[in-house]
Amino acid sequence: MHSYSPRDGHRLAHDPLNSIVAPRPIGWVSTVAADGTRNLAPYSFFNLLNYRPPIVGFSSTGHKDSVTNAEATGEFVWNLATRSLAAPMNETSASVGPEVDEFALAGLTPEASSHVRPPRVAESPVAFECRVTRVQELTDVDDRGVGAWLVLGEVVQVHLDESLLVDGVFDTLAADPLLRGGGPADYFTISQEQRLRMTRPDAR
């Protein structure tokens, strides 16, 4: 076994943590600045954290524009990154100034949301409109800030492409979600051959 204390370093060519906890859903987050400038960026530390009310969260290493905007306006939109949108999604990961509109940079169409100011990505088949419930810097065991900010938001509106609904069930496979792997460039998708079905013991 290769064992190490993260505080002392991993002694490997690349930190293995994001390769181990993988693949991960992508938090493709759209926000607007206080002056109305649009922002769109992907975050690989993202997930659904609660059912009712539905709460999603993303973590930003560094206090980036998405965090600043979410704090200023109290709103953000999560957009599903799919395989067909991989290239424009990647374009929105560029390190650019806060004055840059990543929708325009990536050639994506902003579509007005129903209840929040940030637009959703029109090309994406799924979007969650969210209102911020908490923004908090993460801390270590000594209660020292680690320079990463967690943003949580309650989903107040869900948009689904109806072609992805089969007998009232969302077809995850048909949505073809793009998932983040480890290393600097690895992404994954899912396939029918990889499907595994199990029923919870108390549901049998």
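Residues here are called buried under 20% relative accessible area, exposed over 50%, and partly exposed in between (1.4 Å probe, protein chains only).

Helices (H or I, at least four residues) and strands (E, at least two) are DSSP runs numbered from the N terminus.

A word on the model: it is predicted, so local features need pLDDT of at least 70 and side-chain atom pairs count only at pLDDT 80 or more, while totals for chains, interfaces and linings use all residues. Residues are numbered from 1 along each chain as its sequence is written, and side-chain values use heavy atoms, leaving out hydrogens and water.

**The sheet**

Let us turn to the strands. An open sheet of 7 strands runs in the order β3-β2-β6-β9-β10-β5-β4, with antiparallel pairing. Its edge strands, β3 (38-43) and β4 (46-50), each pair on one side only. On average, neighbouring strands are turned by 35 degrees against each other, direction ignored. Two strands count as paired if DSSP finds at least two bridges between them.

Strand β5 (residues 55-61) meets strand β10 (residues 145-160) over 7 antiparallel bridges, and Ile 55 has Glu 154 in β10 as its bridge partner. Helix α2 (residues 65-73) packs on the sheet, touching β2 (27-32), β3, β5, β6 (75-79), β9 (126-139) and β10, and its direction makes about 50 degrees with that of β2. Contact here means heavy atoms within 4.5 Å. Axes are lines fitted to C-alpha atoms, for helices over the stretch in contact, and angles run from 0 to 180 degrees between N-to-C directions.

β9 pairs with β6 in the antiparallel sense over 5 bridges, and Val 77 stands opposite Glu 129 in β9. β9 and β10 share 12 antiparallel bridges; Ala 127, for instance, has His 159 in β10 as its partner. The two strands form a hairpin with 5 residues between them, and Asp 143 in the turn has a positive phi of about 65 degrees.

**Salt bridges**

Side chains of opposite charge can pair when their charged atoms come close. A salt bridge here is a side-chain nitrogen of Lys or Arg within 4 Å of a carboxyl oxygen of Asp or Glu. The count by this rule is 8, and the table includes three of these pairs.

| Pair | Closest N and O atoms |
|---|---|
| Arg 38 and Asp 101 | 2.7 Å |
| Arg 200 and Asp 202 | 3.5 Å |
| Arg 7 and Asp 140 | 3.7 Å |

Arg 7, in the segment before α1 (17-20), and Asp 140, in the loop between β9 and β10, are 133 residues apart. Arg 7 is exposed at 56%, whereas Asp 140 is partly exposed at 23%.

Arg 38 lies in β3 and Asp 101 in the loop between α3 (86-91) and α4 (102-106), so their bridge ties together parts 63 residues apart in sequence. Asp 101 counts as buried because its relative accessibility is 17%, while Arg 38 is partly exposed at 31%.

Arg 200 is exposed at 60%, and Asp 202 is exposed at 62%. Finally, salt bridges with shared partners link Arg 7, Asp 140, Asp 142 and Arg 144 into one network.
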